[in-house]
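Q: I have a protein model open and would like to go through it slowly with you. Could we begin with contacts between charged side chains?

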Amino acid sequence: MAFPQERPRRLRASAGLRALVRETALRPDDFVMPFFVRPGKGLKRPIKSMPGQFQFSPDELIKAVGPLAAVGVPAVILFGIPDRKDAKAAGAYDADGIVQRAAALLKDRYPELVVIADLCFCEYTDHGHCGVVRQDGTIDNDATLELAAKAAVSQARAGCDVVAPSGMMDGQVAAIRTALDGAGFAQTPILAYAVKYASAFYGPFRDAAESPPQFGDRSTHQMDPANLREALREVDLDIAEGADMVMVKPAMPYLDVLAAVRARCSLPVAAYCVSGEYSMIKAAAAKGWIDERKVTLEALTSIKRAGADFILTYHALAAARWLA
Ligand code: PBG
C-alpha cells in the first residue's frame, strides 16, 4: 500500500476527536432575533405562516425579549406594523412611531440589549412599496433617500443601537450616514442589507409584517437571484458609502454569495435566514418529516461556515436554548 494514505475517518472515530477538529461552532451570541411590533396592549398575535412567531404590542414585546439575555442572545431586530399607512410612510420617521416607542422601551428595560432597527418603508406605505411611488408606478429613488435619512435619525434618537437599511435604494447608506452624522449620531453603526435578493422566500414575512406590495413586485430594486458579481458590486458600494457591516439575504439558498462576500471584505458579514427558510423547517417538522432541532442547527452551522459573523434568525431563541 502506498503511503501516505489519507484516512479521514480516523478523526471521526469518537465524539471527543470530532469535537477537537470541528471547524465551526455556533454560539448564542451569533444570533439576532427578529420581532414584529404593533401598537396596542396585551397583544400577542400568532403569525399563521410562521408557527411560533407573533406580532407583539410593546408591553408583550418586553416580556418576549426577556428570555433572550438569559440564553446569551445579544440582539434583536425590530419590524414595525403601524396603525396607519400612507403614501409617504410617515409612521417610519414619526418620533412616536411604533418602532421608536418599542426601541425606547426595550433600551429602558434592557440597556445591554443591542436593538437593531430595520429601515424600510414597505410596512409603512399604503401601496406596500419600499419607497416613494411616482404617478407611473415606478419608485423614486432619491425622494426615498430623504425619507430614509429622516427615519434613520428618528430611530437613533429613539435609542436604536444600529440602523439597518433594507430598501435597496441606490445611495441609501451614504444618505443615512450623512444624516446620522449631521444629527449627532456619528457613533451609530449602519448594518447594510447590501445584498438583498428579490426572493420568494420572503413570502411569510409579508404576511407577518402586513407589507405585500399592492401592485407589481420588488424586482426593480431587489437583486436578481441569478446574480453573484452584482452582489460584490453592491457590497463595494455600500462599504464606500460608509456601511459598518454588510448583510446577505436570504441565507441558505445564497451560501455561495455569502462566501464570496466574506472573501471580498473585512467588515463583519451578517446573513439573514429569512421567513421562508424558517417556515419550511417548521412545516416539515410539524409533519414529522425532519427533526427541527437537528435541521436548524445544521442550517445555522452551514451559514456560519459559509462566512457569516452573525445570523438573523427566527430560530434565535430556540437555537440558543438547544446549544445550552
Ligand atoms: C423589508 C424587509 C423584508 C424582509 C426584511 N426586511 C421583506 C421584503 O423585502 O419584502 C424579509 C425578511 C424575512 O422574510 O424574514 N422591510
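A: Let us begin with Arg101 and Asp96, whose side chains meet in a salt bridge at 3.6 Å, N to O; the term stands for a side-chain nitrogen of Lys or Arg within 4 Å of a carboxyl oxygen of Asp or Glu. This is a predicted model, in which local features need pLDDT of at least 70 and side-chain atom pairs count only at pLDDT 80 or more, while totals for chains, interfaces and linings use all residues. Residues are numbered from 1 along each chain as its sequence is written, and side-chain values use heavy atoms, with hydrogens and water left out.

Q: How many salt bridges turn up in the whole structure?

A: The search of the whole structure finds 12 salt bridges. One of them joins the side chains of Glu210 and Arg38 at 3.0 Å, N to O, and this pair links distant parts of the chain, 172 residues apart, with Glu210 in the loop between helix H6 (203-208) and helix H7 (229-241) and Arg38 in the loop between E1 and strand E2 (44-46). Helices (H or I, at least four residues) and strands (E, at least two) are DSSP runs, numbered from the N terminus.

Q: Which of those two side chains is buried and which is partly exposed?

A: Arg38 is buried, with a relative accessible area of 12%, whereas Glu210 is partly exposed at 33%. Glu210 also has a positive phi of about 50°, although it is not a glycine.

Q: Where else is phi positive in a residue other than glycine?

A: Met168 has a phi near 60°, and it is found in the loop between strand E8 (162-165) and helix H5 (172-182). At 6% relative accessibility, Met168 counts as buried.

Q: Back to the charges for a moment: what does Arg262 pair with?

A: The side chain of Arg262 meets that of Asp309 in a salt bridge at 2.7 Å, N to O. This pair, too, links distant parts of the chain, with Arg262 in helix H8 (residues 255-264) and Asp309 in the loop between helix H10 (292-306) and E12, 47 residues apart. Arg262 is partly exposed at 24% relative accessibility, and Asp309 is partly exposed with a relative accessible area of 37%. There is also a network, in which salt bridges that share partners join Arg177, Asp181 and Asp244.

Q: New topic, then: how many aromatic pairs are there?

A: The count comes to 10 aromatic pairs. In this rule, rings of Phe, Tyr and Trp (its six-membered ring) pair if their centres lie within 6.5 Å, and planes under 30 degrees apart count as stacked, over 60 as edge-to-face and the rest as tilted.

Q: Why do Phe36 and Tyr314 count as stacked?

A: Their ring centres are 6.2 Å apart and their planes are at 5°, so the pair is stacked. Phe36 lies in strand E1 (residues 31-37) and Tyr314 in the loop between strand E12 (310-313) and helix H11 (316-323), so the pair ties together parts that are 278 residues apart in sequence. Phe36 is buried, with a relative accessible area of 1%, and Tyr314 is buried at 3%.

Q: Which residues do ring pairs link into a cluster?

A: The cluster consists of Phe36, Phe79, Tyr193, Phe205, Tyr272, Tyr278 and Tyr314.

Q: And which lysines lie over the face of a ring?

A: Lys44 lies over the face of Phe54, at 4.6 Å from the ring centre, and Lys249 lies over the face of Tyr202, at 4.6 Å from the ring centre. A charge sits over a ring if NZ of Lys or CZ of Arg is within 6 Å of the ring centre and within 35 degrees of the ring normal. The peptide bond from Lys249 to Pro250 is cis, with omega near -10°.

Q: To finish, what does the secondary structure of the whole chain come to?

A: The protein chain has 11 helices and 12 strands, and 53% of its 324 residues count as buried. Along its principal axes, the C-alpha trace spans about 75 × 45 × 40 Å.

Definitions and conventions:
Buried < 20%, exposed > 50% of the residue type's maximum accessible area, 1.4 Å probe, protein only.
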